[in-house]
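Morning, everyone. Please bring the structure up on your screens.

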Amino acid sequence: MASHEPDTGTDTTAMLAAVGIEVTEEGKARARRRLDDARDRWTPALEAEAREQLGLPARAA
C-alpha cells in the first residue's frame, strides 16, 4: 500500500526550481492539507463508484 507521507525531497524541489517553479514550505504544507482533506472525504462507496465509472473490477474485501 502506498504511503500517505510521500517523499517531497530536494530532488523534486530542485527539478521544479530548474524550470522556474518556486516550491516553498508553506506551499508544501498547503498541498499536504488538501491531500489529507481529499483522503478524509474518500469513502468505500466513492471508490466503488469511481471503479465502476472507469470500468475497473470491484476490489476484493
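**Helices, a pocket and salt bridges**

The protein has three helices and zero strands. From the N terminus, the order is α-α-α. Keep in mind that this is a predicted model.

Surface next. The chain has 61 residues, and 5% of them count as buried.

Now the salt bridges. How many are there by this rule? The count comes to four.

Helix H2 covers residues 25–41. Arg30 pairs with Glu26 there, and the closest N and O atoms are 3.8 Å apart. The cut-off is 4 Å, so this pair counts as a salt bridge. Why are these two separated by about one helical turn? Because they sit four residues apart in the helix. Glu26 is exposed, at 58% relative accessible area. Arg30 is partly exposed, at 43%.

Next pair: Arg39 and Asp36. Their closest N and O atoms are 3.2 Å apart. These two residues are three apart in helix H2, so again about one helical turn separates them. Both ends are partly exposed: Arg39 has 30% relative accessibility, and Asp36 has a relative accessible area of 36%.

Glu47 lies in helix H3, residues 44–54, while Arg59 lies in the segment after H3. Is Arg59 buried or exposed? Arg59 is exposed, with a relative accessible area of 59%. Glu47 comes out at 23%. Buried means under 20%, so Glu47 counts as partly exposed.

Last topic, the largest pocket. Its volume is about 180 Å³. Which residues line it? Trp42, Glu47, Ala50, Arg51, Leu54, Leu56 and Arg59. By class, the lining has four nonpolar residues, three charged residues and no polar ones.

To recap. Three helices, zero strands. Four salt bridges by this rule.

Technical notes:
Residues are numbered from 1 along each chain as its sequence is written. This is a predicted model: local features need pLDDT of at least 70, side-chain atom pairs count only at pLDDT 80 or more; totals for chains, interfaces and linings use all residues. Side-chain values use heavy atoms; hydrogens and water are left out. Buried means under 20% relative accessible area, exposed over 50%, partly exposed in between (1.4 Å probe, protein chains only). On a 1 Å grid over the protein atoms alone, a cavity is a set of points where a 1.4 Å probe fits but cannot get out, and a pocket is an open set with protein on both sides within 12 Å along at least five of seven lines; lining residues have an atom within 4 Å of a point. Grid points are joined across faces, edges and corners, and a volume is the space filled by probe spheres set on the points. Ala, Val, Leu, Ile, Met, Phe, Trp, Tyr, Cys and Pro count as nonpolar, Asp, Glu, Lys and Arg as charged, and the others, Gly among them, as polar. A salt bridge is a side-chain nitrogen of Lys or Arg within 4 Å of a carboxyl oxygen of Asp or Glu.
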